[in-house]
Structures are given as C-alpha cells and as structure tokens.
Amino acid sequence: MIRRLAPWIRSAQSAVTDPGFLLALLLVVILPSLNLNLNLSIRGPSFPVPAALDDTVVGPYADGSSQQQSQQLQQQQGGDGLQGVPSGVSGAGGGGLVRRKMQDKEVVGMVAGGDKADSLGASGREGAETEESGNDGGNVGGTDGDASLSSQQRQQQEELVGNPVGRLKIYVYDLPRDYNYNFIKKQPRCLTHMFALEVLFHRYILNSPVRTTNPDEADWFYLPVYPTCDLTASGLPLPFRSPRMFRAAISLVAEKWPYWNRTDGADHFFITPHDFGACFHYEEEKAITRGIMPLLKRATLVQTFGQSHHVCHKPGSIVVPPFAPTGHMHRRRIPPDTPRSIFVYFRGLFYDHNNDPQGGYYARGARASIWENFKTNPLFDMSAEHPASYYEDMQRSLFCLCPLGWAPWSPRLVESVFFGCIPVIVADNIVLPFSDVIPWREIAVFVPEKDVPKLDEILAGIGPRRVLAMQQRLASHAIRQAVVLGHPQPQEGDVFHQVLNGLARKLPHPLSTYLKPGDERLNWTAGPANDFKPWKPDSHVYW
C-alpha cells in the first residue's frame, strides 16, 4: 500500500510542507482505501485529488447522473460524509480533516462528518435542517419533479414553470417612439447591456398572448419607456434625466386615457432597472436623498434593485435579475463532467479608485475586505481582471463570490446560477430576484458583511451533504431558466414569464386600488426642481 502511495506523497510534498498537513493527508487516504487514479487538473498551489471523488463531491450534476448513484457512493465512502477529499486544496469541495495556516491563524476544517453549518447563520441552519429531514432539495441531471420535493418546493416549482397565459391581461400604451424605439437606433447597445430588460420586455409583450388591445379588459397597464437607453457619449446610462422622461410619459397617458387617473397608477407597472431603481441615481446616498419618484409611489416597479428596509425598495416591487447574454453563455458551456477544481472564484473590482478614492464607501468595504483577507489564500482564485476564460472558470468552480458593489445586485449572480457555481452572497438585507418562488436559501450561501474575514472558515465548514443538495437544486432546469431572459425570443419559464407570473400573483387588485372621491391623490408638484424641466428627447444635457 505504501509503495502505491509513494507517487502521490512525492507530488504532495512539493506543494505542502506542513508535516501535520501531510500526516492528515496520509490518514485520509489510507483509511478509506480510496481509488488512487490521479486528477492533475487542480488549479493553484495544491496537490492531486482522486478523480473518483472529484466529480462526486463538486460535479455539476447536469450530466445525467442519478441521485441514487450519489447516495450509493456516499454509503461506500462511509455514510454521512464523503471521506477522503482534502478541503484544503484549491477546489476540493469536502471530505477529510485538514489543518492549514490561513491568515496567521490555524483553521481546522472537518468537512466530512463535522458540518459547521451553524456558522452560516440562518442559511446554514436551514441547510442543516434540510439535510436532517432527508430532503435533498431537488433535481439531479436537470430533471424536475423529483418525488423527494416537499410540498412547499413543489408549489414553488409549479409556479416557476407555470404558464401565465389566461392568468392576466396587459394593455400596452402606444407612446411616441421618442420614449423607446428611437433610442435603439442611436444606441443599439441597449439591446445587450445589463439593463436590457426594459427593451426586451416591450418587444416580447407586444407578441404575447397576455397582451390585450382592449384597455377596458386589462388587469395591468404598461408604459414602455427606455430610461437606461438614454446614454452619454461614452455609452454609460445616467439616470438624471429619467424622472423627466417618466413624468412626461405619465402626463401624456393621464391626458389621453382615463385609466391612470382612476387609480393614480396603482394598476400600472414600470420597468426600472437602474442601480437603485426608481430613486434614479447610481450613488446610494444621493439615491436615498432623492427617494422613489413621487408619481410612481402607487405603481408596481419591476426592478433589479432589491434591499429590505431601504427607501429605494418599494414593498410589492418585483425584483428581477439583470440581463446576461444567454446565447453567449450557452455557447461557452464545457463538458458537464468537468471537475470543479477551483474552491472559491471571483473576478471584479475590489476598489473603485475613480469614484471612491478614499476607499471604504464602495461595496461598504466588503470587497476590499475580501481582497485584504484572502488575496494570498490558495483556496481563493481572485483577480480584478476578467480573463477570456471567465465563463469556463465559473464552471470549474465550487463557490462563486457575489458581493455587493455600488448596488447589492450584479450579473454575477445570474452567471453563477446558470453555470451551477454555488453563489456566495455578501450583501446584507438583499432581496433576490423572484424570491417568492426561487428557493435561494437552498441554492446559495449567505454571509453577513461583517463576517467577511471568516469567509474561509465558513465555506470550508459546509458539509458535503449540503453541497450536494445545493448543486442538485442548481441543476434544476426551472431554476436556471428563471434567472435568464430568453433571446432573441422568450423561453418558457424565463425572466419574462416570471415577471408575468409575478404580476398575476398580485391579482385580483384590492379595492383600495381604485380611488374614490375624497381619497388622497398623488402630488404632482413633489420632487426635486430638476425633475420639472421639460424632457427633450434629442437633448444631450445630462445634468
């Protein structure tokens, strides 16, 4: 047996010099009598991991393997946990007792048989409860309808794949092209940037069977305006003119049709995908000072920004994911049995020196803390540069960091879910897309911003059973589909359909929707002085 281990030991010695670490490695390998076929694809300063376990622990579970097969392998390796994969390597997602020096402190990670899920707070406890109940959280191999789903999970899944046709009717106001189409002629980038929902939703709803041309039978009314297509010369969407555009559109609708005035917009909805939604500013302090545009106070907002107890998040809003290039992501898929050999992955800014030269304000300091604490940690594959292999790297990663930036949301969350990389969400009080039907607590790890310095311990302490459960849920076609927008046409269960289903769940409208004589009306004179300047579509003055 020792002779068989000799090549592995020699390769391990080149990367691991701590005698205690090497001893732990020997114990982990000898006792379970593992298959020693070596997998040399591990990235970073690490050592080979048995290939037979690599796929089992951290594979994407989109390759057709069954839940029964994974359970059998768990039983072969000792019941509760998958033994033998050292969690200290870059990309080994569980198994074994490992001691390593990390940031001047010694961390012991009992990943197999020693789950530290309680260190994760609410999300960890919920994950532990799921494991104890024997509920694996869902679908293997991308198939839905697993018999092990709870009644709540079944209800969520039915809503995810539900057909909105027959549940609601939407009337689309015919606005002048200056509010929408003309922007695309000048700025075709609007069709592909992360705010593109406002354009594509309009395009899709015009051809949808839920659209009605009879406003008297409509449940909802939609004003198709494209505020994030109003770009600077450098192609950046600035929100400062957006309130004037909305005010002009609402004034036009209120004068031409009777439907706005009967509810003050309570049965109307708007797409507002700016950083802080209908507060219309990309800096949080200024967005908070502005608040939600007064004329939109009764309307339903469909927006990417979601944060509880925040003035820019209106209760009842439908939070949606930002647009990500679905077709491009599909073309960049790699074989589903590729080992997930990166433990933690992140590409993006840690500091924004241009807009936050003093530091500490951007991302509330969370990204800076991630970098300063883990920039030399071999478990963390991080950089401010975006490589050409970005999408492929996500598919080789077990955990993908999704920290807040200027706003709590980013396309990184969509990419993580789409590629089966467990999202690690660092954004306090975030309200996630379609959270009433997507089981985020079952597919993501939530880390409070104050706990960023313990991020390595938190992730290393997640047991393999919970990792498997999260991966199996991420492999659900319904969940992946719910965070992407079909392009060039909507697809069943995609973001477009989730918005329609979200609007349908708000029906029937309560009686308070329809104003009676004597009811308080919206104040058309409220708001900053600049909001009352005439909106001129061809103007290029942004301040």
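Predicted model: local features only at pLDDT ≥ 70, side-chain atom pairs only at ≥ 80, totals over all residues.

Author: The open sheet is built from 5 strands with parallel pairing, in the order E11-E10-E12-E13-E14. Strand E11 (380–383) and strand E14 (445–446) are its edges; each has a single partner strand, so one side of each has no neighbour in the sheet. Further in, strand E10 (residues 342–347) runs parallel to strand E12 (residues 397–403), and 3 bridges join the two.

Now for the helices. Helix H13 (residues 366–374) packs on the sheet, where it touches E10, E11, E12 and strand E13 (422–426), and its direction makes about 125° with that of E11. Helix H15 (residues 411–418) lies across E10, E12 and E13, at about 160° to E12.

Phe350 and Trp371 have ring centres 4.8 Å apart and planes at 40°, so they make a tilted pair. Because Phe350 lies in the loop between E10 and H13 while Trp371 belongs to helix H13, the pair ties together parts 21 residues apart in sequence. Phe350 counts as buried, at 6% relative accessibility, whereas Trp371 counts as partly exposed, at 26%.

Finally, two arginines are worth a look. The charged end of Arg333 sits over the ring of Phe418, 4.5 Å from its centre. Arg441 lies over the face of Phe446, at 4.0 Å from the ring centre.

Terms used
Residues numbered from 1 in each chain as written. Heavy atoms only, no water. Pairing = 2+ DSSP bridges. Helix = DSSP H or I, 4+ residues; strand = E, 2+ residues; numbered from the N terminus. Contact = heavy atoms within 4.5 Å. Axes fitted to C-alpha atoms, helices over the stretch in contact; angles between N-to-C directions. Phe/Tyr/Trp six-rings, centres within 6.5 Å; stacked < 30°, edge-to-face > 60°. Buried < 20%, exposed > 50% of the residue type's maximum accessible area, 1.4 Å probe, protein only. Lys NZ or Arg CZ within 6 Å of the ring centre and 35° of its normal.
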